[in-house]
Amino acid sequence: MENYLFHGSLVSTQRILYTASDFARENLLHLQETGTLQANNPHKCSRDKLASFLFFLVEDGEGKLEYEGNTYKLKKNDCVFIDCSHPYAHYTSEKNLWKLKWAHFNGPTMTQIYEKFLTRSNSPVFATKDISSFIQLLDKLYLTSQLESFTRDMEIQEQLSTLLTIIMHNGWNEHSETVKGKKAKNVLLIKEYIDSYYTDKLSLEVLANKFYINKSYLARQFKQQYDTTINEYILQKRITHAKQLLRFTDKTIKSIAKESGFSDTNYFSRIFKMVEKHSPKEFRNYW
């Protein structure tokens, strides 16, 4: 860990360069660098093939990001989340010099997490109405990285996990083209209907007919929005309900199967074991 304060003709920065433990690099989300930058003059920063993921926010001013063949205009309250193994460049505007906060980090599952983010956001750039949450978290990360504590890497893991959660929430719920407006509302209504009636005879076909929506379109929109198919979601709700009955009642397996939306007990037992790796009876005994 090193704390650098730099004032130059192009930028003024205050940053922490952090070297995580071997354990953290192999097993945890781990910090590489975090800090604040104030542009003093127009400049451009370009990098490529970094084993790192970068999140930064525009605290003030304006600029641009070049990434994956696209150019994005950035303004105050815009956020950027990119995979730095790909070429990228960012630069402040000439007239309205920007101030940034950022964190470089990595982890053993970050590639998959980033892919998940892109399927939901469709863009590495998103605006947020709650910039204070990001600022507070990045400030906390900056302070935590300076602590002399044997739990420091675990605390950093927790904070980076929280950062990813609010990135996913802001980038997906408010700004993804796949979940805007009437489309999102229609799919949400169907999800809420499933939540209430998952023990009924439900399927993609039944729901498409009930809500007068094309079956293929509904399947695609539901998958984009909730990262699972409708049939998988119905099954998840039914299995969860069955687990509750197995643990907290003395009802028979046959009765539980029926109450959870399965008309055939043998089919229920087979599906339950496929999902939970134990039969319903074994699950009840274990718990």
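Trainee: What volume does the largest pocket have?
Mentor: This is a predicted model, in which local features need pLDDT of at least 70 and side-chain atom pairs count only at pLDDT 80 or more, while totals for chains, interfaces and linings use all residues. Residues are numbered from 1 along each chain as its sequence is written, and side-chain values use heavy atoms, with hydrogens and water left out. A pocket is found on a 1 Å grid over the protein atoms alone, as an open set of points where a 1.4 Å probe fits, with protein on both sides within 12 Å along at least five of seven lines. Grid points are joined across faces, edges and corners, and the volume is the space filled by probe spheres set on the points; for the largest pocket this gives about 340 Å³.

Trainee: Which element gives the largest share of the lining of the largest pocket?
Mentor: Lining residues have an atom within 4 Å of a pocket point, and the largest pocket has 16 of them, with Leu202, Arg238, Gly261, Phe262 and Tyr267 nearest its centre. Helices here are DSSP runs of H or I with at least four residues, strands are runs of E with at least two, and both are numbered from the N terminus. The largest share, four residues, comes from α8.

Trainee: How many residues in the lining of the second largest pocket are nonpolar?
Mentor: The second largest pocket has a volume of about 220 Å³ and is lined by 16 residues, among them Arg15, Cys45 and His90. Ala, Val, Leu, Ile, Met, Phe, Trp, Tyr, Cys and Pro count as nonpolar, Asp, Glu, Lys and Arg as charged, and the others, Gly among them, as polar. By these classes the lining has four polar and three charged residues, and the nonpolar ones number nine.

Trainee: What distance separates the end C-alpha atoms of helix α3?
Mentor: The expected span of a helix is 1.5 Å times one less than its number of residues. Helix α3 covers residues 131-144, which is 14 residues, so it should span 20 Å. The end C-alpha atoms agree with that, being apart by 20 Å.

Trainee: Is arginine 25 buried, exposed or partly exposed?
Mentor: Arginine 25 forms a salt bridge (a side-chain nitrogen of Lys or Arg within 4 Å of a carboxyl oxygen of Asp or Glu) with aspartate 22, the closest N and O atoms being 2.3 Å apart. Both residues lie in helix α1, three residues apart, about one turn of the helix. Buried means under 20% relative accessible area and exposed over 50%, with partly exposed in between, using a 1.4 Å probe and protein chains only. At 38%, arginine 25 is partly exposed.

Trainee: Which residue forms a salt bridge with glutamate 205?
Mentor: Glutamate 205 is partly exposed, with a relative accessible area of 38%. The closest N and O atoms of the pair are 3.6 Å apart, and the partner is lysine 215.

Trainee: How many residues apart in sequence are the parts that glutamate 276 and lysine 243 tie together?
Mentor: In this salt bridge the closest N and O atoms are 3.2 Å apart. Glutamate 276 lies in helix α10 and lysine 243 in helix α8, so the parts tied together are apart in sequence by 33 residues.

Trainee: How many salt bridges does the structure hold?
Mentor: Some of the residues are linked in a network of salt bridges, including Lys191, Asp195 and Lys237. The total for the structure is 11.
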